[in-house]
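Reader: I am new to this structure and would like to understand the words used for it. Could you show it to me and take my questions one by one?

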Amino acid sequence: MTQYEYDDQDHMESGGMTFDFRGYLFKVLNLWKLVLLCIGTALVIAYLINVRKQNIYKLDSLITVENDQNPFFTANTSISFNWGGVSGKVGKVITSLQTRTHNEMVVDSLQFYIDYLKEGKYRKLDIYGNSPFYIEIDKGHGQLLNHTLGIRFINDTQFEIFTEFENDAGTVQFYGDKHTDRVSLPVGSFNKTFTIGKPVVLPFAHFTLFTRPEQAISENSEFFIKFSNFDQVVNTYKNAVDTSPFSKESPSVLRLSLSGHNKAKIVAYLNATSAILSRTELERKNLYATNTIKFIDSSLASVNNSLKDVSDEMNTFRKQNKVFDVDAEMTEVSARLREYEMAKEIDQTKLNYLNALDDYLRTKTDYINIAAPSSVGIEEPNIQQSVSKITALAIERQSLEYTMKESSDLFKDLDRRINAEKRVLLETIDATKSTIRLQLKSIQRQVASLESKLSNLPEDQQQYLKIQRKLDISQESYNVYLAKRGEAAIVKAANISDITSIDEAKDIGGGLIGPNKSLNYMMALMVGFFLPMLMIFIIYLLDNTIHGSDEVERLSRIPILGLIGKYKYHNNLVVFEKPKSAVAESFRSIRSSLQFIFKKQEGDEKLGKTIMVTSSVSGEGKTFTSINMATVYALSGKKTILLGLDLRKPKIFDDFEITNDLGIVNYLIGEHTLQEVTSHTNVANLDVIPSGPVPPNPSELLMSDVLTDLIAQLRQEYDMIILDTPPLGLVTDALQLTQFADATMFMVRLDYTKKGMLSLINAKYRMGEVKNISFVLNFYKHKTNHNYGYGYGYGYGYGYGYGVYGNAYHESDKKKGIVGRVKRFIQQI
């Protein structure tokens, strides 16, 4: 063998670092029942989850966001509300849907803080929309939160409230102003009868119950109601509505979708949120018109009072004076004077409006209450556009206050735009006021000129014409304001919301989105399969025991002599008492294999052969093998002796029903003769020398020349000498005995012997400390895949015992019961 080949073999013997995939595969195949059990368990769990989970539905509705212009906005309309387009309106609508204010209005309108329930198979079910009764709560009194109240219908007119109180106090909420309070509760069971349609007055509940005529209620049927915290319900729905564009081609059409367990609730919430959103948007859109109408109403009231005062003054004057005939020329002059005074009144009204607007802009920060300039006859386009822009920006800012922080960059941008527009408006106001003042001075000169012409009339005629002009002016002003007020009301009434529902939510069947039962089953299959595979993989990686012959072949160059199957029996004399068993055949096969070894050895054929049986640690079947190998040779006619050389832990005496009082220790120290320590057994041709009392110096005894002479003497007297030695991996005693062995059997117990133990024997084999050594695999399990390498043979040319012969030659074992099968399955894991 070359140095390279030797190093490669050493690497294999040291255990290697490669992963034995075939071994892992056979381990999985061996534990197929565990994999199947895990898959079955996972599928059962998935089924239990599926049947217990509530169905989840998802429904949607469509709304459109457009710049719907008022049909009364024409070129002849004197009162104009210019909103300046719909830029960013879709984003504002999406933001509005997530505001607390909007969701509070929706929840309050639907009273979703009241749950109607009935008992289901696994839980209480929400029967909103299908409840045979409803309640009207008294919002001025508190309702007990988060506690289920049972409703049992006794007959057509009476019902019973029943519940169980564990605590002596609870929290109630007043849904009028939404505040909460604490109330005392009667601990224990509570039952009380009430009349349908009559108020229920309790310390923890105030409502009136009504039945639905279209739904019959059977006697003793039970339902439940529960009141929830208003703010918690609002928070639940605040971000629940999913909003997305319907398509890229129609970005102004939005799809509103909502998920939940009750489809009736989903439909109600989507339709209510669309209706309230549309109504709120219309109110914002009408805010400018509403402020204008308020301004006109206040001016109209003032003009009306003035008209009433002038009318009273005219009536009083006529009662006190006769009706005069005024010269036609003077009448014409008075009419012209009335026109100027009317123009003066209009300009003064404009000037008053502009002064008030100037003061408002300089002293206020909220600009949503500005009346339209056209309401007082100001037709200056710059002023109208600036006021409209400032109002629109102020309303936009107000709508964002519910979702944005004050330090937001969006607020800063809006404030910058408002301030910029306000500066332009203030400059325009100053210029317009200067123009109006000039007009007033001109009118004042004309009025003074006309009044000088009337000064020649008698005093009473002058007074009459003056009162008449005042009356005409007041009447005309009243008519103008009345017309503008009617026009503004028509414009407001005819206004159209920019948000319109084009496809309301509706339960038409379907909409089920969960639970995904197929996915749950697929996940169960994956978990049920891969989890045991992972467990087996980890166990396989951490497992450092030997399970089959191919592992021994991979880890060592020492040949395998044979197999010994696992056989439960009350003692170790299996070959003697069960000669037709599979285990007995195994030992006969090993005996045959040893003959090949002995034939190749040089020496006197008349001398007896020595077989040493050892192992790495205790418990690997060393004594069991020693006894049965000695028995199988003895039964074949060979004069055989079994020596118990495991001086530290003697075992072989008990199975032959002899004592351990005298043994080889007594012979080695010279206390007794060989004949005195040798025991004859009930097995023909088999003698036994037990180890005897445990000595303080076993190693020194085994190194003595006495033992050497003893072995030489036994070779003369016996055909086969079986040495039951200590474990090679624990003490050095066995190494001292290898000099006497013609063949060494090293026991490897499958599923027990550690792989690292083979490194020890490999090292001693390479160094020549042990010779003629072979492995015997113990505890071989028939019809399992633990020994997954046996199917294709070994190539050593030896017989392997177990499984070589048909079952007709073996004594059949009794079938194991259920407990035994379970135990065997656990051991396989």
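Author: Gladly. In the protein chain, among contacts (heavy atoms within 4.5 Å) between residues at least 6 apart in sequence, 80% join residues at least 24 apart. This is a predicted model, in which local features need pLDDT of at least 70, side-chain atom pairs count only at pLDDT 80 or more, and totals for chains, interfaces and linings use all residues. Residues are numbered from 1 along each chain as its sequence is written, and side-chain values use heavy atoms, with hydrogens and water left out.

Reader: What makes L737 count as buried?

Author: Buried means under 20% relative accessible area, exposed over 50% and partly exposed in between, with a 1.4 Å probe and protein chains only. L737 has 0% relative accessibility, so L737 counts as buried. Not counting residues up to four places away in sequence, L737 touches M612, L645, L702, L707, T725 and P726. Of the 829 residues of the protein chain, 46% are buried too.

Reader: Which side chain does the side chain of K433 make a polar contact with?

Author: That of N355, at 3.2 Å. A polar contact is a pair of N or O atoms within 3.5 Å; within protein, one must be able to donate a hydrogen and the other to accept it, and residues adjacent in sequence count only if both atoms are side-chain atoms.

Reader: How do you know that the buried residues of α3 are on the same side?

Author: The buried residues of α3 are L34, V35, C38, I39, A42, A46 and N50. They cover an arc of only 145 degrees around the axis, which puts them on the same side of α3; the arc is that of the directions from the helix axis to the C-beta atoms. On the other side of α3, L36 and L37 are exposed.

Reader: Why is helix α17 called largely enclosed?

Author: Of its 14 residues, 13 are buried, so α17 is largely enclosed by the rest of the structure. Helices here are DSSP runs (H or I, at least four residues), and strands are too (E, at least two), numbered from the N terminus. By that count the protein chain has 24 helices and 25 strands.
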